[in-house]
Each structure stands twice: as C-alpha cells, then as structure tokens.
Amino acid sequence: MSRRTSNRRSKKAAGKPAWVWFVLGNFVGGFAVAVLFLQGMDKDSRGISSIKPKAVQQREETSPQPRFDFYTKLKENEVTVPPPKVAQPARRSDSTNNSQSSSSSEPDRSTPAQVYILQAASFRDASEAERLRVELTLANLDVKVESATDNRGTWHRVLVGPYSNRSRMAKARQTLAEHRLMPLVLKRPATQ
C-alpha cells in the first residue's frame, strides 16, 4: 500500500518545475506593467498638449518680467559698520620712492601699529602658571603672567612676547611647540 501512495505523489510532483512558474509569472507581470505604463503615457501626453497653450498664455499675461524682493529686504536690514579703531599698518614702498617718501608724512616705522603675543596656557592656579613661566624663560623666551578675572573665577595667563613681526612670532611659536604647547596668537595694539 505504501508503494501506491509514493507512486501517486511522484507523478504529481513530476509536473512543471518551480523555476518555470517563477519565470512565467515574471513575464506575465512585466507585460501587464508595460501595458499599463504605456496607456498612462498616452493619457499624459494628450493631457499636456491640451493644457500647454493655456498655461503659456497665462504666464505671458501675468508676469512679463521676474520680480525680486530681496533687494528691498536687504536695504531694510542693512547694518552700518563703524570704521576700525586701529590705524592701518603702513605698506612698504619701492626702493626708489623710499628716499623721497622718508621726508614726507609717512608714519614712523620704529613703532608698529600692532604686536603679536602668544598665549601659551592659562591656569586657575598661580603656582602652575609661575612654573610654566620659569620653564619658558629657561628656553630663552620673553614670558610674563597676566591675571584676569571673569564670571568663572581668576585665570592666570602665560603670555609670550610681544613680537613686532610675524617671523619672530613664528620662531617663538616653534619653541613652544617643542615644549608641547599649542599657543593662541593674540594681536594687540602697540603701546607707546
């Protein structure tokens, strides 16, 4: 009896393989989607061609030129910037004009308008700031400690400089980098 049941199942299972049904289903589905897509394209193209002349006429009647409002809004929100408080640094002149312009009203080059100061670090504890000052003084740098108070308390800043030109400041910055410090560059007006 078991032989008869197994023979019946094998004959029914021996029909079409699953991959045939899968491929056939994909072809039928793809054909249906293509037909629907093409019908939709025909309707859209007919609808666009009938609407197109009306839209062009409306566009020509309503706005012949574009309208930009941001020009007026910019003028309303304009902020005037006051002139800088620090005088502009003097620019170098040619060597031929140098002898002539030395007697003219050129600013004195011995005192620069701005100086560069490097802030090596800032500490809450004065003893740590003093320790770093001594260490950097031994590295042949001009160091001072400046105290500043804000809403978070008193800070002791270790300042190196002042330097009148960028090349000297760069050398001092390289020395600080050798001591594993990343200084901040501060520009301050020169005191006379």
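Guide: A salt bridge is counted where a side-chain nitrogen of Lys or Arg lies within 4 Å of a carboxyl oxygen of Asp or Glu. The model discussed here is predicted.

Visitor: Which residue forms a salt bridge with E146?

Guide: Side chains of opposite charge can pair when their charged atoms come close. For E146, the closest N and O atoms of the pair are 3.5 Å apart, and the cut-off is 4 Å. The partner of E146 is therefore counted under this rule, and that partner is R188.

Visitor: How many residues apart in sequence are the parts that E146 and R188 tie together?

Guide: E146 belongs to strand 2, whereas R188 belongs to strand 4, which covers residues 184-189. E146 is partly exposed, with a relative accessible area of 25%, and R188 is partly exposed at 26%. Because the two residues sit in these two strands, their pair ties together parts whose separation in sequence is 42 residues.

Visitor: Where do R133 and E130 both lie?

Guide: The side chains of R133 and E130 meet in a salt bridge, at 2.5 Å from N to O. R133 is partly exposed at 26% relative accessible area, and E130 is partly exposed at 33%. The two are three residues apart, about one turn of the helix, and both lie in helix 5, residues 126-138.

Visitor: How many bridges join strand 2 to strand 3?

Guide: A hairpin of two residues connects strand 2 to strand 3. Within this pair, A148 stands opposite W155 in strand 3. The strands run antiparallel, and the number of bridges joining them is eight.

Visitor: Which residue in strand 3 stands opposite L118?

Guide: Strand 1, residues 114-123, pairs with strand 3, residues 153-163, in the antiparallel sense over six bridges. The residue of strand 3 opposite L118 is V160.

Conventions
Residues numbered from 1 in each chain as written. Predicted model: local features only at pLDDT ≥ 70, side-chain atom pairs only at ≥ 80, totals over all residues. Heavy atoms only, no water. Pairing = 2+ DSSP bridges. Helix = DSSP H or I, 4+ residues; strand = E, 2+ residues; numbered from the N terminus. Buried < 20%, exposed > 50% of the residue type's maximum accessible area, 1.4 Å probe, protein only.
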